[in-house]
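Please read them beside the sequence and the model.

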Amino acid sequence: MGYPDQRFDVNLSILFTELPLLERPAAAAAAGFTAVELWWPWIETPTPIRAELDALKKALDDAGTQLVGLNFYAGQLPGPDRGALSVPGSESDRFRENIEVAADFAASVGCTALNALYGNRVEGVDPQVQDALALENLVLAARAADRVGAILLVETLNKPESPLYPLVSAPAAIEVVDKVNAATGLGNAKFLLDLYHLSMNGEDLSQVIKAYAAKTGHVQIADNPGRGAPGTGSLPLERLLDELKDAGYTGWVGLEYKPGDRPSADSFDWLPASARAAG
């Protein structure tokens, strides 16, 4: 048990960001990792030109890294936005334009998990209107994900850092997951369980794991406080990951932490080099 017993991937949208996007897969590989994930890399557009998609695929292939998670278009992230799919108007339209693009790219690189960030509440818009729009768009996204053999992820964020984001508890995200699965009948909507965000919300992490491991499709970690590497805060991450495994979770664990003032490559000393490559 412990860290060497997990399958880790590196989130290249928060680690190795000191490098251009196309150099990050090779940097992750040089650090010993064989799996990576990404937020939607083109924050300005949901529909990048083919050459940009092809260049990213080549960078992943050349590095020998497997993309195991990809966000749909989520607005300005990093930045003020927390998704687009529940935001009426142009942002919802952009999300819809992105659905097939993201799904097709995922298929081209063998990525089987697509994360759909819900989006912030909008002042002056009825939350029920936003939730109805969200369900419409999540159903479309779930169907597209299913078409390419992927799962759809719904993520809880944390209220202190994302005060306008409505899914700030595990039960809130699980409720959305269940609604999407009921609407599609596909069963491919899953919970993205991020131990950092849940801890920031003050949730009982062991209880969340026990209750929702069976509905969890992906896990992400960072320590708390600080959102740094494991060992920089006080979360018992090694024990919690063991609890997830004991509860039946066998999927990926995404490293979604800030490296601090040091280069990203120097932030993995908590994980033995022999445990970084994942089959």
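1. Arg-50 is exposed, at a relative accessible area of 57%; here exposed means over 50% relative accessible area, buried under 20%, and partly exposed in between, with a 1.4 Å probe and protein chains only. The model is a predicted one, in which local features need pLDDT of at least 70 and side-chain atom pairs count only at pLDDT 80 or more, while totals for chains, interfaces and linings use all residues. Residues are numbered from 1 along each chain as its sequence is written, and side-chain values use heavy atoms, with hydrogens and water left out.

2. Arg-50 and Asp-54 join their side chains in a salt bridge, at 3.5 Å from N to O. The term denotes a side-chain nitrogen of Lys or Arg within 4 Å of a carboxyl oxygen of Asp or Glu. About one helical turn separates the two residues, because they stand four residues apart in helix α2 (residues 50-63). Helices (H or I, at least four residues) and strands (E, at least two) are DSSP runs, numbered from the N terminus. Asp-54 is partly exposed, with a relative accessible area of 38%.

3. Helix α2 also holds Asp-62 and Lys-58, again four residues apart, about one turn of the helix. These two form a salt bridge whose closest N and O atoms are 2.6 Å apart. Asp-62 is exposed, its relative accessible area being 56%.

4. A further salt bridge links Glu-136 with Arg-96, with 2.8 Å between the closest N and O atoms. Glu-136 belongs to helix α4 (residues 127-147) and Arg-96 to helix α3 (residues 90-109), so the pair ties together parts that are 40 residues apart in sequence. Glu-136 is partly exposed at 46% relative accessibility, and Arg-96 is partly exposed at 34%. In total, the structure holds 13 salt bridges.

5. What volume does the largest pocket have? The value is about 270 Å³. A pocket is an open set of points on a 1 Å grid over the protein atoms alone, where a 1.4 Å probe fits, with protein on both sides within 12 Å along at least five of seven lines; lining residues have an atom within 4 Å of a point. Grid points are joined across faces, edges and corners, and a volume is the space filled by probe spheres set on the points. The lining has 16 residues, and Trp-39, Leu-77, Arg-82, His-197 and Arg-227 lie nearest the centre. By class, five are nonpolar, five polar and six charged; Ala, Val, Leu, Ile, Met, Phe, Trp, Tyr, Cys and Pro count as nonpolar, Asp, Glu, Lys and Arg as charged, and the others, Gly among them, as polar.

6. The second largest pocket contains about 200 Å³ of space. Its lining comprises 13 residues, with Tyr-118, Asp-131, Glu-175, Val-176 and Lys-179 closest to the centre. Helix α4 gives the most to this lining, with five residues. The lining has nine nonpolar, no polar and four charged residues.

7. Strand β5 (residues 151-155) is largely enclosed by the rest of the structure, because four of its five residues are buried. It runs parallel to strand β4 (residues 113-115), and three bridges join the two; strands pair if DSSP finds at least two bridges between them. Leu-114 stands opposite Leu-152 in β5.
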